[in-house]
Amino acid sequence: MTGRRRIRSIPLPRLLHRPVRAGALSAGVLVACASLAAGCGVVPGTTGGSGNDPITVMTWAPQDTRATNKPGMPAFAEAYARWVNSQGGINGRRLNVLTCNDKNDTVTVARCARRAVQENAVAVVGSYSQHADSFLPTLEGAGIPYIGGYGITTDEFTSPLSYPVNGGQPALLAGLGRTLADSCGPVTLIRPDTIAGDQLPPLLDSGLEAGGHAPSGDQRAPEDATSYNSQAQQALEHATADTAGRGCVVPALGDRTNTFMDSFRRARADYPEVHTATVLGSVDQTTIDASGGASGPYEGSFVTGWYPAAGDARWDPMKKVIKEEAFGDNRIDSADAGVQTTWIAYTVFKQVVESLGDGEVSADTVRGALNSGLKVTTGGLTPALRWNFQDELAAVGFPRLVNANVTLQVVENGRLVAAREGFTDVTKTLREADLG
């Protein structure tokens, strides 16, 4: 939810139908690559990965930036490769994971995508970038599937080469809005003043309005500020304007959420009590611990997530990989939604490769397996996943959104725990939302 703001507007949702066929690369792309020996070399995805050849994939995420960082995602991808290779690889093929720092920058993530093409990657797996419009055209041109992106942009739910494993920001915010509609007075959303941030208010409002609640107050904030004193005061003024019900403040600033809450904690003493709530990715257990645990500003906050709480036994296989292959690597936090998404994305990829048996593993065959209706399971961390070109949410601009389930968690005694058992499906909420 971060990124430099560009001077243009993008309506939500953007229903994009890019000219990529499901089964094979277009003739234009084949001719273009054949004529550019220095640039393309070979047609990406059509060689390698057959027999006992290594399978190459890429994982990228921002690191060492002033905004949201997800270093655990590429770090975990490397640990996963070590683990799966120690088990004999996937169907006897060694997994080669390339990683790239997208730096929260459009130019850099485009370079990451070009490197994936040049290195003949068969997929980009478990990655985070807010700049989908900078990397997806390159992947689409080469026919490389994007499996298990973080769900931070609308494009991830429109591109025919995208295979998301969660409902992204649409599901999280719609689910949170529906929860808050039953218990909140005025709701204030504090979000980044960026293009990605522009997509958030209609999503939260879809859930609020489904519960008969008025839309939220939309408050923009810098993505990389070191203090949010004025924004905290404005949020409190809006949330406490109606004395009939306790207001709610919803910060959704990625890594800067904790910075906002520091300012909020100082300012809230001068205002009536309000509830706080946010989405996983803006808050996790590490953030709660660092902010004071049970005595910190998140105590009592509702948090919507895509997956079961971090203490759930269904995460044990992932934790086993971390313990065996990345013990002591403080970049990898098993409670981080990015690390969890990467685990699920590689779980999907492994099943796709296994479904190909002894056949060729290439971008074409991986994409073909996914497009053929292959159903994959994730050990109960998500429902069974299967991607169709026109799914239930195509009418509202999310044709690739196949998992609209969310979980509701709450901070209780400084711990993020399940507030409600099981998943809540927000497909109906999104389907009936006015996102135009």
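Contact means heavy atoms within 4.5 Å. Helices (H or I, at least four residues) are DSSP runs, numbered from the N terminus. This is a predicted model, where local features need pLDDT of at least 70, side-chain atom pairs count only at pLDDT 80 or more, and totals for chains, interfaces and linings use all residues. Residues are numbered from 1 along each chain as its sequence is written, and side-chain values use heavy atoms, leaving out hydrogens and water.

**H2 with H11**
- Phe76, Ala79, Tyr80, Arg82, Trp83 and Ser86 in H2 meet Met318, Val321, Ile322, Glu324 and Glu325 in H11.
- This contact of H2 with H11 has 7 nonpolar, 1 polar and 3 charged residues. (Ala, Val, Leu, Ile, Met, Phe, Trp, Tyr, Cys and Pro count as nonpolar, Asp, Glu, Lys and Arg as charged, and the others, Gly among them, as polar.)
- H2 (residues 72–86) and H11 pack at about 85°, with axes 9 Å apart. (Axes are lines fitted to C-alpha atoms, for helices over the stretch in contact; angles run from 0 to 180 degrees between N-to-C directions.)
- H2 and H11 are therefore roughly perpendicular (65 to 115 degrees).

**H11 with H12**
- H11 (residues 316–325) and H12 (residues 337–355) pack at about 100°, with axes 11 Å apart.
- H11 and H12 are therefore roughly perpendicular too.
- Pro317, Met318 and Val321 in H11 meet Val339, Gln340 and Trp343 in H12.
- The contact of H11 with H12 has 5 nonpolar, 1 polar and no charged residues.

Conventions
Helices (H or I, at least four residues) and strands (E, at least two) are DSSP runs, numbered from the N terminus. Angles under 35 degrees count as roughly parallel, over 145 as roughly antiparallel, 65 to 115 as roughly perpendicular and the rest as oblique.
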